[in-house]
Amino acid sequence: MPNSIGSFFAHRRFRPTLWPTLGLAVLVAATVGLGNWQRHRGAEKEALREQYERTAHQPPLELTAALADVAALRFRPVRASGEFDGPRQVLIDNKVYAGRPGFDVVTPLKLARGDRYVLVDRGWIAQGAYRSELPQVPPPAGEISVEGRINLPPARYLELKMDAGAGPVRQNLDIDRIAAATGLPLLPFVIEQSGSAGDSLVRDRPPPDFGIDHHRSYMVQWYSLAGLGIVLWLALNWRARGSQVGESRPRPARDGPSRAGSSPRPPRGRRTLLLLALVALSPIVASYVAYYWFAPTKRVNYGELLDPQPAPAVAGEHPDGKPFALVELRGKWVLLVVSGADCGDACRRALYSTRVARTIQGREQDRVVRAWLQPTAAPPPPAELLAGHPGLVAARAAPVELTRLPIDAGGATGILLLDPHGNLVLRYGDAPDIERLAKDLERLLRASQIG
């Protein structure tokens, strides 16, 4: 019975070449390094989880302004005594509980011992029917004792627009910005208040998700890619005996003279496998490099962020004469195009931009509806125009109704983005950058659980 292994070695030999070997070394070094980094990150998160489990059941520590080791105190139960500074209370926007949007109420507490302040996350409260109706949750007056746990706000976050510092609403809990806006000497952490305080705030604080399993899966992924590279390198460098690949001197052919000037090439099949391996690995490596080394800490929206307020109650009629009311579109994100009576180039550009921006959202596009408003004097929209914009809600309204919408005075056409509660969010001109408009919409859809 023939020995297949012996036959393989009798007809083939292992002859690695220089450039594939160097490429393998770079690949293995990069993927093993990334795998090690994910392993270390997982170990850090594991240590953080152990710290949480270790400190969660310890007795409350009396908080003073002298406490400095924030990392060691994270998740530690604490008790702080002092007086709340109600006028400098802030509301952290875009907080969702049980599927409902709302705010986290954060109030500075002046510590009884010393002149320092600490921010206290007093809990969550639901948003009103309109964003302009901010909840009223004044803190208790006088000397008070607060119990909770120490935590650190996230260093990275999604930001639509930098907080200007005026008003109580903040997009994110940024201690440095709040300290700069209020002028208060704040400690570098937050107390997440626990227990019942006899108010309407929700303090349901589940254990944090440290994401350890994600780091472990990424670690296995990177080590697997390193192993795949080694296996491909071994498989591609076994050559038939008598092959001239990698030889320093050409051998004469049996049926003709040797080609002394020719350079040997690897077989076409090996080149194809190498190309496939590079194509498969390059987007993964590029995405990790772009995310972890070049990602900005904050991202700002492309459109102009409008002051949070409900859109005017515009009413009119559809082209077929049926009544129309802007409030009917609530429940979805609305890309609203407002134009003059004549839908010229600017109007058509705006309609096209909203159509493409919505289509880019893929399966999320059903959460977005497109609407087009014109003055009552406008002629019926051309059939060919409506055919090119399926699903477009077209309507006409009195000019006085349209002037209540915050369209730039310098242009006859503009685009507004409304949230599912009917509040104005962003404003664009008649010729926006479609990709950046779509990116704004994508971020809002990803960050929002409504609509």
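In this predicted model, the side chains of Arg367 and Glu364 meet in a salt bridge, with a distance of 2.9 Å from N to O. Elsewhere, salt bridges that share partners join Glu46, Arg49, Asp213 and Arg216 into one network. The count of salt bridges in the model comes to 21.

Among these salt bridges is one in which the side chains of Glu62 and Arg79 meet, at 3.6 Å from N to O. Glu62 lies in strand E2 (residues 61–62) and Arg79 in strand E3, so this pair ties together parts that are 17 residues apart in sequence. Glu62 is partly exposed, with a relative accessible area of 32%, and Arg79 also counts as partly exposed, at 27% relative accessibility. A further salt bridge is formed by Arg348 with Glu384, whose closest N and O atoms are 3.5 Å apart. Because Arg348 belongs to helix H7 and Glu384 to helix H8 (residues 383–387), the pair ties together parts that are 36 residues apart in sequence. Here Arg348 counts as partly exposed at 33% relative accessibility, while Glu384 counts as exposed at 52%.

Arg76 is placed in the loop between helix H3 (70–73) and strand E3 (77–84). The side chain of Arg76 makes a polar contact with the side chain of Gln58 at 3.0 Å, and a polar atom of the Arg76 side chain lies 3.3 Å from the backbone oxygen of Pro59. When residues up to four places away in sequence are not counted, Arg76 touches Thr55, Gln58, Pro59, Leu61, Gly148, Arg149 and Ile150.

Turning to the strands, seven of the eight residues of strand E9 (residues 186–193) are buried, so E9 is largely enclosed by the rest of the structure. Strand E6 (residues 117–126) pairs with E9 in the parallel sense over four bridges, and Val120 stands opposite Ile191 in E9. Strand E7 (residues 143–151), by contrast, pairs with E9 in the antiparallel sense, also over four bridges, with Asn151 standing opposite Val190 in E9. Val120 is also among the residues touched by Val106, including Ile92 and Leu173. Val106 is in strand E5 (residues 100–111) and is buried, with a relative accessible area of 0%. Although Val106 and Ile92 are 14 residues apart in sequence, their C-alpha atoms are 7.3 Å apart in space.

The largest nonpolar core has 23 residues, and those with the most contacts inside this core are Trp333, Leu335, Leu351, Trp372 and Leu417. Elements that give two or more residues to the core include strand E14 (333–338), helix H7 (345–360) and helix H10 (434–447), and the largest share, five residues, comes from H10. Leaving aside neighbours within four places in sequence, Leu417 is in contact with residues including Trp333, Leu335, Leu424, Leu426, Leu441 and Leu444. Apart from this core lies another, of 21 residues, among them Leu306, Ala311, Leu329 and Leu336.

How values were computed. Residues numbered from 1 in each chain as written. Predicted model: local features only at pLDDT ≥ 70, side-chain atom pairs only at ≥ 80, totals over all residues. Heavy atoms only, no water. Polar contact = N/O pair within 3.5 Å; in protein donor to acceptor, adjacent residues only side chain to side chain. Contact = heavy atoms within 4.5 Å. Buried < 20%, exposed > 50% of the residue type's maximum accessible area, 1.4 Å probe, protein only. Pairing = 2+ DSSP bridges. Core = buried A, V, L, I, M, F, W, Y, C linked by side-chain atoms within 4.5 Å. Salt bridge = Lys/Arg side-chain N within 4 Å of Asp/Glu carboxyl O.
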